[in-house]
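Got a minute to go through this one and ask where each label comes from?

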Amino acid sequence: MESSAWVYVALTVLTVALGLCIDNQRFVPGYLQGGRPYGASVGCDNQLARNRIAMFAIYVLLTGVSACRIAVGNDYWVYRDNFKLIAQERHVSSEFGFNYIVKWIQQLFGYDNYIPVFAFFSIVTVFFFVRSIRDQGENFAFSLFLLLTGGYYFHSLNSVRYYLALAIAMFAMKFVLRKEYGKFVLWILVGAMFHKSIFLVIPVYLVAGWLAGAPLKKWHYGVGIAGLLSLIFGQNVYREIIFMFYPYYRDSMFDRGEISYANIAKCVCVLALCLLCYKKSLRQSRVNRFYFFLNLFALVVYCCGSFIPEVSRIGYYMMVSQIFLLPNLLSGMENGWMKRLCQAGVVLAFSAYFGLLLKDMYSVDIRLLPYLNWIFN
C-alpha cells in the first residue's frame with residue numbers, strides 16, 4: 001500500500017476513536033422528535049459539552065483532509081475546467097446553485113483559483129455528514145465508522161455535487177421521521193440546486209416513512225409487486241424519463257448496465273440481520289422500520305435497476321441509511337454471544353470492504369490515491 005493511503009487509514013482510526021468519546025443515545029430521541037418542545041435537553045451538561053468538543057474535532061479532521069486535497073479524484077481537473085467555464089459565463093451541465101456559488105467564490109478569490117471552491121464544498125458536505133450522524137446516530141462512533149469504511153466520505157472527494165446532495169438527503173431524513181414534510185421538501189429543493197437526482201428521494205423517503213408507521217396489508221404487497229414488475233418490464237419508459245433530465249447520460253460511459261454485486265450483498269446481509277432482530281429492534285420502532293424500507297428499496301434498485309445510468313448513486317440515497325440502521329439493530333439485541341458475533345461480523349465486513357476500497361482508489365476511474373494536498377505537495 002502506497003504511503004499516502006495511511007492518511008485515510010489514520011483519519012478513520014482517529015475520528016472513530018474520538019467518536020467513542022461521544023454518548024449520543026440520550027439526545028437522539030429529542031433530535032428526531034423536533035428538539036426542545038419535545039423534551040430534548042435544555043442547556044449544556046458535561047456529556048453534551050464533551051459531545052460537542054469531540055464532534056467539532058471530528059469535523060475539523062474530516063474537513064481538513066477533504067478541503068486541502070489537490071489533484072485527488074478522477075474528475076478533479078474536469079471540475080477545474082468547468083469552474084473556468086462558469087466564470088466565463090459559458091454553458092455547463094451543472095445546476096444553477098452550484099454554478100452561482102462557483103462564480104461567487106471566483107469573484108472573491110480570483111479567476112481559476114479553484115482550491116477555495118473545492119474547500120467550500122468540502123466544508124459544507126462534511127457539515128451535513130456530521131450533523132446527520134449527530135441527529136440520527138445513537139451510537140455516533142459506529143455510524144461514523146460505517147460512513148467512512150463504507151466509502152461515502154472518501155468518495156465525496158470525487159463527484160463533488162452528488163455527494164453534497166447525498167449529505168443533504170441524509171440530513172433531511174430526520175424531517176420525514178418528525179413528519180415535518182414541508183421542511184423535508186424544502187431541504188430537498190436546496191439539494192436539487194446542486195444535483196437534480198436528489199428529487200428521487202421525495203417519493204422514496206415519503207413512501208418509506210408512511211410504510212414505517214402503517215400496518216402492512218395485502219394491497220401494499222400488491223403495489224410493491226407491481227412496482228417491481230414495472231422495473232423489469234418498463235425499463236424503456238424509465239430510461240426515457242431519466243434522459244429527459246440527463247440527456248448526456250444516454251450511451252455515455254455511465255450508461256453501461258452494470259450490476260453492483262457488492263451493494264446487493266450488503267443489502268441482503270442487512271435484511272438478514274433485520275429478520276434476526278425483528279422482534280427486539282424492528283417491529284415496534286418506526287425509526288428502524290423507516291431505515292429498513294430504505295434498505296429494501298436499495299436492494300430492489302440494485303437487483304432490477306441496472307438499466308439506470310450510475311445506478312450506484314441512485315441506490316446510495318437509500319442504502320446510506322445502513323449507517324443508522326445497523327447500530328440500532330445491534331444495540332437492541334440481548335447481550336450474549338450472538339450479539340458479539342454480529343457486531344464482530346459487521347466490523348470485519350466493513351473493514352474488509354474498506355481495504356478493497358483503498359486498493360481500488362488507485363484505478364484511473366477513481367484516482368483517490370495517491371493523496372496530495374496543497375500544504376505539503
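Axes here are lines fitted to C-alpha atoms, for helices over the stretch in contact, and angles run from 0 to 180 degrees between N-to-C directions. This is a predicted model, where local features need pLDDT of at least 70, side-chain atom pairs count only at pLDDT 80 or more, and totals for chains, interfaces and linings use all residues. Residues are numbered from 1 along each chain as its sequence is written, and side-chain values use heavy atoms, with hydrogens and water left out.

Q: Why are α10 and α11 called roughly antiparallel?
A: Their axes cross at roughly 150 degrees and come within 11 Å. Angles under 35 degrees count as roughly parallel, over 145 as roughly antiparallel, 65 to 115 as roughly perpendicular and the rest as oblique. So α10 and α11 are roughly antiparallel to each other. As for the names, helices (H or I, at least four residues) and strands (E, at least two) are DSSP runs, numbered from the N terminus.

Q: Which residues of α10 and α11 meet?
A: Contact means heavy atoms within 4.5 Å. On the α10 side you have Y181, F184 and I188, and they meet V201, I202, Y205 and L206 of α11. That contact splits into 7 nonpolar, no polar and no charged residues. In this scheme Ala, Val, Leu, Ile, Met, Phe, Trp, Tyr, Cys and Pro count as nonpolar, Asp, Glu, Lys and Arg as charged, and the others, Gly among them, as polar.

Q: Is the crossing of α10 and α11 left-handed or right-handed?
A: Right-handed. A crossing is left-handed if the near helix is turned anticlockwise from the far one by less than a right angle, and right-handed if clockwise.

Q: What makes α1 roughly antiparallel to α7?
A: Helix α1 (residues 5-19) packs on helix α7 (residues 140-149) at an angle of about 160 degrees, with the axes 8 Å apart. That angle makes α1 roughly antiparallel to α7. The contact uses T12, T15, V16 and G19 from α1, with F140, A141, L144, F145, L148 and T149 from α7. By type, those residues come out as 6 nonpolar, 4 polar and no charged. The crossing of α1 and α7 is right-handed.

Q: How do you know that T15 counts as buried?
A: Buried means under 20% relative accessible area, exposed over 50%, partly exposed in between (1.4 Å probe, protein chains only). T15 has 0% relative accessibility, so T15 counts as buried. This α1 residue touches I58, L61, L62, L144 and L148, leaving aside residues up to four places away in sequence.

Q: What does the contact of α3 with α6 consist of?
A: M55, Y59, L62, T63, S66 and A67 in α3 meet A119, S122, I123, V126, F127, V130 and R134 in α6. The tally is 9 nonpolar, 3 polar and 1 charged. Helix α3 (residues 46-67) and helix α6 (residues 115-136) pack at about 145 degrees, their axes 9 Å apart.

Q: How do you know that the span of α16 agrees with its number of residues?
A: The expected span of a helix is 1.5 Å times one less than its number of residues. For the 19 residues of α16 that gives 27 Å, and the end C-alpha atoms are 27 Å apart, so the two agree. α16 is also mostly covered, with 14 of its 19 residues buried.

Q: Why is Q284 called exposed?
A: Its relative accessible area is 70%, so Q284 counts as exposed. Q284 sits in the loop between α15 (278-282) and α16 (286-304).

Q: What stands out about the phi of S159 and of K179?
A: Most residues other than glycine have a negative phi, and most peptide bonds are trans. S159 has a positive phi near 45 degrees, and K179 has a positive phi of about 65 degrees. S159, in the loop between α8 (152-155) and α9 (160-178), is buried at 12% relative accessible area. K179, in the loop between α9 and α10 (181-192), counts as exposed at 52%.
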